[in-house]
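Q: I'm new to this one. Can you walk me through it, a bit at a time?

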Amino acid sequence: MTSHNDPTSVQPQPRRTADERHSTLDEFEERWRDRQPFFESRGYMFRPRLRPSWIPSWRSSGEHPMYAEDGVALPLRTELIDATRIEDGKLVYIKRIRTGDTETQIATMLSSPELRQDPRNHAVPILEVIQDDEDLSISYLVMPFLRPIDNPAFESVDELLDFGDQILEGLVFLHEHDVAHRDCSSGNLLMDATSMYPQGFHPVNLAAQPSFHGRASYVSRSSAPKPVRYFYVDFGYSVHIPPSAPEKLVVGDLGRDQAPPELSAEVPYDPFKLDIFLIGNVFRKQFYQKYTNVDFLVPFIISMTERDPAVRPSASEALQQWKTIRSNVSIWKHWMASLEVGFRTQMKCSLR
């Protein structure tokens, strides 16, 4: 029997107080905090929590740390941080990358002044590339702060159709410029919802006001004073394959969506036809499986997600197919009809 005085016995750790839990930064937060003066010198400010001089506000206000803005930790995405551009108060995302890596090359190419003038360009704008002043192998991409495409939820068929127009013309644009995204599932399709939130929103708790006190008010996509734009983000798995390239196939089985049948670390496949499947699956998961009055999507989704990549349409063919389906949607029944929420896992005709 172990004695109560046994020094080798494991002693329970005292519970941390609310102050300790919320005032303790994770290691990756500390790394960002230590670089805050550098980013401030480049025109970007981090939230108070991530500044070297931070003293938790609740210690003087008496507020519970859970409800204090500076008690909100960064999400566990160690290479990303939200910031505010000092000159105009615009929310941005800053992403840490390897200097000159493929993602940077592709993202900056698509964000060149010439390509940005094309309204079909839905690649996330790169506002600036900053090289670290201490470690030249590290750089940072500065981008507009974007929200998930379904936050807030779509409300009308008209909003769905607008999303389809933008995402498909954006895919045509990428492929015309010889870029295959390879990971364009819904997590890498985001929207600029600035016009939907007149008073803004909190960059971590998206439902909260910027102050973190109270819910952020918003208007629907259809009622917003400026159109919502949708973007392709995260070109970390992307490839640029110009027409002159001797090899036009790739290997790799990584990505958010593991449904495409051709994904393989050994057998080469067409990355452009992979994009077609992924976008088709976005329509299936984001709309068909959530809403009950979108059966007009079925032929389009089936075509996009054929098991045989060779049978799938090209991006331009998919856009033409979309325009045909869109034009056949009954104006009186669907155009401004609300989306009817309902859950279903299978289509009336089997998806292959």
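Q: How many helices and strands are in the protein chain?
A: The protein chain has ten helices and twelve strands. Helices (H or I, at least four residues) and strands (E, at least two) are DSSP runs, numbered from the N terminus.

Q: What should I know about the numbering and the model?
A: This is a predicted model, where local features need pLDDT of at least 70, side-chain atom pairs count only at pLDDT 80 or more, and totals for chains, interfaces and linings use all residues. Residues are numbered from 1 along each chain as its sequence is written, and side-chain values use heavy atoms, with hydrogens and water left out.

Q: What does the C-alpha trace span along its principal axes?
A: About 75 × 65 × 50 Å for the protein chain.

Q: And how much of the chain counts as buried?
A: 49% of the 352 residues. Buried means under 20% relative accessible area, exposed over 50%, and partly exposed in between (1.4 Å probe, protein chains only).

Q: What share of the contacts comes from residues 24 or more positions apart?
A: They account for 69% of the contacts with a separation of 6 or more. Contact means heavy atoms within 4.5 Å.

Q: On to the core. Which residues touch the most other members of the largest nonpolar core?
A: Phe163, Ile279 and Phe283, in a core of 77 residues. The largest share of this core, ten residues, comes from α6. A nonpolar core is a set of buried Ala, Val, Leu, Ile, Met, Phe, Trp, Tyr and Cys residues joined through side-chain atoms within 4.5 Å.

Q: What is Ile279 in contact with?
A: Leaving aside neighbours within four places in sequence, Ile279 contacts Ile167, Leu168, Leu171, Cys184, Leu189, Tyr232 and Met304. There is also a second, separate core of 20 residues, which includes Ala68, Val92, Ile94 and Tyr140.

Q: Why would nonpolar side chains be found together?
A: In soluble globular proteins, nonpolar side chains tend to be buried together.

Q: Back to α6. How do α6 and α7 pack?
A: Helix α7 covers residues 271-288, and α6 and α7 pack at an angle of about 170°, with their axes 11 Å apart. They are therefore roughly antiparallel to each other. Angles under 35 degrees count as roughly parallel, over 145 as roughly antiparallel, 65 to 115 as roughly perpendicular and the rest as oblique. Axes are lines fitted to C-alpha atoms, for helices over the stretch in contact, and angles run from 0 to 180 degrees between N-to-C directions.

Q: Which residues make that contact?
A: Among them are Phe163, Ile167 and Leu171 of α6, and Ile276, Ile279 and Phe283 of α7. By class, the contact of α6 with α7 has eleven nonpolar residues, two polar and one charged. Ala, Val, Leu, Ile, Met, Phe, Trp, Tyr, Cys and Pro count as nonpolar, Asp, Glu, Lys and Arg as charged, and the others, Gly among them, as polar.

Q: What about α6 and α9?
A: The axes of α6 (residues 157-176) and α9 (residues 315-328) come within 8 Å and cross at roughly 160°. α6 and α9 are therefore roughly antiparallel too. Their contact includes Leu161, Asp165 and Val172 of α6, with Leu319, Trp322 and Arg326 of α9. The classes here are eight nonpolar, three polar and four charged.

Q: Is Phe173 buried or exposed?
A: Buried, with a relative accessible area of 0%. Phe173 is in helix α6. Not counting residues up to four places away in sequence, Phe173 touches Leu110, Leu115, Asp118, Arg120 and Asn121.

Q: And Pro119, buried or exposed?
A: Exposed, at 59% relative accessibility. Pro119 sits in the loop between α5 (113-116) and β4 (128-131). Beyond four places in sequence, Pro119 touches Glu169 and Arg229.

Q: New topic: backbone. Which peptide bond is cis?
A: The one from Asn151 to Pro152, with omega near 5°. Pro152 lies in the loop between β6 (147-148) and α6.

Q: What is the phi of Arg182?
A: Positive, about 75°, although Arg182 is not a glycine. Arg182 lies in the loop between β7 (179-180) and β8 (189-192). Arg182 counts as buried, at 13% relative accessibility.

Q: And Asp234?
A: Asp234 also has a positive phi, about 60°, and is not a glycine. At 27% relative accessibility, Asp234 counts as partly exposed.

Q: Why point these out?
A: Because most residues other than glycine have a negative phi, and most peptide bonds are trans.
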